Amino acid sequence: MKRNEIIIATVIIALGLIAPWVLPSVWTMVVSLFCYYAILTIGWNIIFGYTGLFSYGHVAFPAIGGYTAALLAEHIGLSPFLGLLAGGLAAGFIGVLIGLLILRVRGFYLCLVTWAFAEVVNVVLKAEHQITGGTGGFLAPSFVSGPNAELVGYFIGLGLMALAFVVSALLYHSRWGLYLFAVRDDIDAAESMGVKTRFWKVFGFAFGCAWAGVAGAFYTYYFNLIDPSIGGLDEMGKVCLIVIIGGLGTVYGPILGSFFVVIVAEFLRGWVGGYSLLIFATIMILAVRFVRGGFMEIIQVISPHLRDKYLILIGKKYRASRET
Amino acid sequence: MLLELIIRGITIGLVYALMGVGLALLNGVMRIINFAHGEFYMIGGYMAYYSMTLLGLPFYFAVPAAIAITFLLGAVVEKLLLSPIHTQEIEKPMDYALILTFALLLFFRQLAIKVFGPFRHKPPDYIPVDVHILGVKISGNEVLAGIVSALLVLGLALFIKKSWRGRGWRAITLSRKGAKINGVDIGKESWISCGVACALAGAAGALVAPIFTLSPTIGGSPLVKSYEVMAIGGLGSIAGALVAGLMLGVAETLGAFYISSAYKDAIGFLMMAFFLLFRPQGLFGQK
């Protein structure tokens, strides 16, 4: 991990730890939702941003993880902490199967196959209402019972998000990450350099899916309810939006995007009313059309200038920044 | 009962084919896919509704008006947002178009909720009498939708086969560079074909508006169906899209009745996944 990433992870955790005592209690829920989206989109960022597989069925995996967790807790009384693991493993396992299946297809066909998978999962969840509770949803227990349940859930979400962030940052700088980037950038060149592209494709896909499963299990235990709508097309739109706005294929992108789409949208709710999705869709169109890197690119473009200004301000030579 | 289901399946299948043909055209000429295709369907339906209720036009003017408006909208979208695909060099045009049109889907849907309101609307019946075909009673609207869809698909096929512009489109589909060398203006043909593709979706929406009522979120299901039609029929094949649309329509109506109505939407997806994985070139496509 780079120094900046360690600093940012520490700052996020520190802010998260003091947030429940500073902000009103409704914000615990908003920040928990932020954690859910951050984990989910870190998974999608690994799949699309790192490995270059355009998966449109990513939201099926939180549904799989969440229902696995809820059903296990209901029928065999599994502890929620193991439930997180079980949800992640279930989603990862299905991810391996789908990953093996989509080795046959590329590009746009991949997008269609994964989308078809997500819709079939959604249809099955709605149709098998004796098992899954249908559109009404399925109840699940909290992490701990008692008055502190919400606070404990919040801290678990925060911890999971920090873990996901650290893992994705480590992956970004590791050799494994380089294999994934090679698969994304030029699969034929990667193959000829001896990268096992088939393995890394499946690995990238299943790894992202496993995080989505963990996110789904966390969502289920935190809100005590899971329903098929978390696997819908609108949710996929949100995932796409978050990663594109934040910056595709970057470490901070999902966190930044989730921050804007969940927390800033909540702040602005009073002024923009129901227009937040419309505004975000417009931002997304403009971002894709003009700044393809999202907010991360803007920050990367601006930050050298800011550093220059700062250095001038504290009296150092302008040249100092150019040497680094 | 079987006959009735099959006739209903054929009518709805023709509308699916109309949606799928638009996508096939766009995929052939621009090499992209459009996730906002269903939203043009929704807009076409609303335009027909408003030209009938606000302007008081009869249906044989309202449907062409909806087609014209969606044509213009599609052309504007191409000019403003999709033109970088052929003017600038974008590294991955398919990914660019996927993300951009998905953003357009969200945008149009949210805009429709704000502009048209979240409530359901239903335009007046186009043909308020029932028609008897082979002893099966079918509403005039459905017959009209089926016939006009079939005519539009055939008309487009003829246009592409016979006219100079259609020849240009086929040339671009075969080889973009070759078409450019031989004097096809890719920028111009792109926006025209994008407009036509969107207009076909708008026509489908306008035609079925009195059968299925209108709401801002109706674009989702036809979008899905048009992808299934395109994937089953083969990318860029009009005959394939027609056959696939009919297959899908009949399979769905029969499946919904004999198997389970809850799994109706899964039938098309399973068909699509099967074709994509085991016959990726589709029914009539070449490898």
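**Exercise 1. The contact between the chains**

How many residues does the contact take from chain A, and how many from chain B?

Solution. The model is a predicted one, in which local features need pLDDT of at least 70 and side-chain atom pairs count only at pLDDT 80 or more, whereas totals for chains, interfaces and linings use all residues. Residues are numbered from 1 along each chain as its sequence is written, and chains are lettered from A and ligands numbered from 1 in the order in which they are written.

Two residues are in contact if their C-beta atoms, placed from the backbone, lie within 7 Å. The contact draws 28 residues from chain A and 32 residues from chain B. On the side of chain A that touches chain B, two or more residues come from each of helix H5 (107–127), helix H11 (233–246) and helix H14 (276–290) of chain A, where helices (H or I, at least four residues) and strands (E, at least two) are DSSP runs numbered from the N terminus. The most is given by H5(A), with 12 residues. By residue class, this side of chain A holds 21 nonpolar, 3 polar and 4 charged residues; Ala, Val, Leu, Ile, Met, Phe, Trp, Tyr, Cys and Pro count as nonpolar, Asp, Glu, Lys and Arg as charged, and the others, Gly among them, as polar.

**Exercise 2. The largest nonpolar core**

Identify the residues that touch the most other members of the largest nonpolar core, and follow one of them to its contacts.

Solution. A nonpolar core is a set of buried Ala, Val, Leu, Ile, Met, Phe, Trp, Tyr and Cys residues joined through C-beta atoms within 7 Å. A residue is buried if 20 or more other C-beta atoms lie within 10 Å of its own, exposed if 12 or fewer, and partly exposed in between, with C-beta atoms placed from the backbone. The largest core has 208 residues, of which Ile39(A), Phe218(A), Leu18(B) and Ala103(B) touch the most other members. Helix H10 (residues 197–223) of chain A contributes the most to this core, with 18 residues. Once neighbours within four places in sequence are left aside, the contacts of Ile39(A) are Leu160(A), Met161(A), Ala164(A), Trp211(A), Val214(A), Ala215(A) and Phe218(A).

**Exercise 3. The overall form of each chain**

Describe the make-up and extent of chain A, then of chain B.

Solution. Chain A has 16 helices and 2 strands. Its radius of gyration, taken over C-alpha atoms, is 20 Å, close to the 20 Å that the globule rule (2.2 Å times the number of residues to the power 0.38) gives for 324 residues, so chain A is as compact as a globular protein of that length. Of those 324 residues, 49% count as buried.

Chain B has 12 helices and 2 strands, arranged along the sequence as α-α-α-α-α-β-β-α-α-α-α-α-α-α. With a radius of gyration of 18 Å, close to the 19 Å that the globule rule gives for 287 residues, chain B is as compact as a globular protein of that length. Of its 287 residues, 54% count as buried.

**Exercise 4. Confidence in chain A**

Where in chain A is confidence lowest, and where is it highest?

Solution. The mean pLDDT (the predictor's confidence in each residue, from 0 to 100) of chain A is 84, and 93% of its residues reach 70 or more. Confidence is lowest in helix H16 (residues 320–323) of chain A, at a mean of 44, and highest in H10(A), at 92. Over residues 318–324 of chain A, pLDDT stays under 50. Where pLDDT is low, the predicted coordinates should not be read in detail.
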